[in-house]
Amino acid sequence: MAELQNDLAQLIRAQGEQGPFVSIFMKVSPYERDIAEDKATFRNLVQQAKKTFVTRFTEKEWAAYQDKLAQVLQQRALGNNGATSIVVVVGQNDTFIYPLAQEVANSAHVGDTVYALPLIANDQFSWDYHLLKVSQDSMALWDVTEGVATPVDLPAAAPLTREQALGTELTTGKARTTRTGLGAGQASHGNDPKETSQASDTQNYFKQVDDYILTNYSKSTQKPLVLLAVSENQAIFRKLSKNKYLLQNTQISKVPAKLDRQAIAQIVAQVNQQLATEVLAVLQSQVDRARSAKKYISDLGAITQRAAEGNVATLFVAQGAYVAGRLVGEELDTSSPAAKATNLLNELSVQVLQLGGQVYVLPADELHTDATAILRRTVEE
């Protein structure tokens with residue numbers, strides 16, 4: 001399980017002891033020149049959080065949160081390794097800071113529970129894997145964790161280039177000429193075709209790359225491997241590869257000329273989209289089976305009741321949806337000032353996660369309602 005999921009689960013399990021929670025989401029810049037601007041934005045969000053906090057709690061209680069948030073500002077930069085956004089979650093005891101792969105709107109939330117929906121949306125289709133870029137002349141590797149790609153500093157022993165791996169005496173494919181017979185014009189020409197020699201060198205190089213990555217990274221981490229290579233090299237590498245961690249249905253065949261941080265972030269987004277498509281297909285099959293078994297519901301009142309019973313296996317929430325309300329024990333409060341300032345969909349999501357269920361945040365045009373759910377058992381059971 002990813003680090004963010006572990007920490008989120010820890011926060012959710014401990015919310016009775018650690019709440020209230022302040023959750024701040026904000027976009028961050030990858031550029032050094034924007035550090036001061038990012039910190040100014042963070043200060044404004046802290047002030048927004050304070051205004052909300054003191055309407056429900058006290059100035060004295062806020063002081064401890066203010067101190068923890070001030071410590072966050074002491075960091076040199078708020079951004080982290082190409083993250084497009086961050087979230088800062090502060091409880092009574094702990095502070096958690098996460099880089100987010102997805103861009104989020106700047107916002108501050110205060111409540112009895114962690115504001116988990118943006119975290120779920122970021123993490124639900126974010127996988128940890130290695131991204132391997134290969135060409136006929138070179139290779140490079142990135143470690144992708146929590147949706148953020150970090151270049152792997154490969155040692156000198158790695159087959160970084162074909163020349164380094166195979167030596168300088170590569171097959172050249174130069175033409176050779178031999179003469180037969182005695183008369184003029186009786187020369188015949190034989191070729192070691194350049195294409196054949198290059199193909200042999202490429203295969204030998206790819207074999208070394210494959211063996212090196214498998215031995216030094218895939219076996220030890222057991223992370224999936226995603227291949228970044230043009231179509232021709234994709235086919236050659238996959239035919240030769242012995243790496244069982246190499247994903248077969250997920251690949252990137254369009255290789256940007258410049259693989260800077262922004263280009264790699266876009267590639268990670270494409271990989272995650274491919275993986276998400278596979279997961280969504282599985283989820284759709286689960287929904288279809290749940291409909292047939294009468295375990296699929298879309299009425300929010302019924303979902304609230306079934307979640308309290310621990311009967312929700314999977315909850316689907318529409319992205320950006322907001323329904324005022326909060327759960328007080330097993331009761332639903334929709335009228336108090338605190339309820340009007342609380343997103344019931346977040347409360348339900350936290351409750352489902354607490355009870356071992358799964359939560360997905362999906363585009364509103366796919367869900368067509370604020371929330372739907374797959375039940376563990378039918379209402380009659």
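Q: Which residue is the bridge partner of Ile 24 in β4?
A: In this predicted model, strand β1 covers residues 21-27 and strand β4 covers residues 107-111. The two strands pair in the antiparallel sense over five bridges. Within β4, the bridge partner of Ile 24 is Ala 108.

Q: Which residue in β2 is the bridge partner of Met 26?
A: Strand β1 also pairs with strand β2 (residues 85-90), in the antiparallel sense and over six bridges. Six of the seven residues of β1 are buried, so the strand is largely enclosed by the rest of the structure. In β2, Met 26 has as its bridge partner Ile 86.

Q: How many residues apart in sequence are the parts that Glu 32 and Arg 76 tie together?
A: The side chains of Glu 32 and Arg 76 meet in a salt bridge of 2.8 Å, N to O. Glu 32 lies in the loop between β1 and α3, and Arg 76 in the loop between α4 and β2, so the pair ties together parts whose separation in sequence is 44 residues.

Q: Is Asp 333 buried or exposed?
A: Asp 333 forms a salt bridge with Arg 326, with the closest N and O atoms 3.2 Å apart. The relative accessible area of Asp 333 is 14%. Because buried means under 20%, Asp 333 is classed as buried.

Q: With which side chain does the side chain of Thr 372 make a polar contact?
A: Thr 372 lies in strand β17 and is buried, with a relative accessible area of 2%. The residues that Thr 372 touches include Ile 297, Phe 316 and Leu 367. The polar contact, at 3.3 Å, is with the side chain of Tyr 296.

Key:
Residues are numbered from 1 along each chain as its sequence is written. This is a predicted model: local features need pLDDT of at least 70, side-chain atom pairs count only at pLDDT 80 or more; totals for chains, interfaces and linings use all residues. Side-chain values use heavy atoms; hydrogens and water are left out. Helices (H or I, at least four residues) and strands (E, at least two) are DSSP runs, numbered from the N terminus. Buried means under 20% relative accessible area, exposed over 50%, partly exposed in between (1.4 Å probe, protein chains only). A polar contact is a pair of N or O atoms within 3.5 Å; within protein, one must be able to donate a hydrogen and the other to accept it, and residues adjacent in sequence count only if both atoms are side-chain atoms. Contact means heavy atoms within 4.5 Å. Two strands pair if DSSP finds at least two bridges between them. A salt bridge is a side-chain nitrogen of Lys or Arg within 4 Å of a carboxyl oxygen of Asp or Glu. Lists of a residue's contacts leave out its neighbours within four places in sequence.
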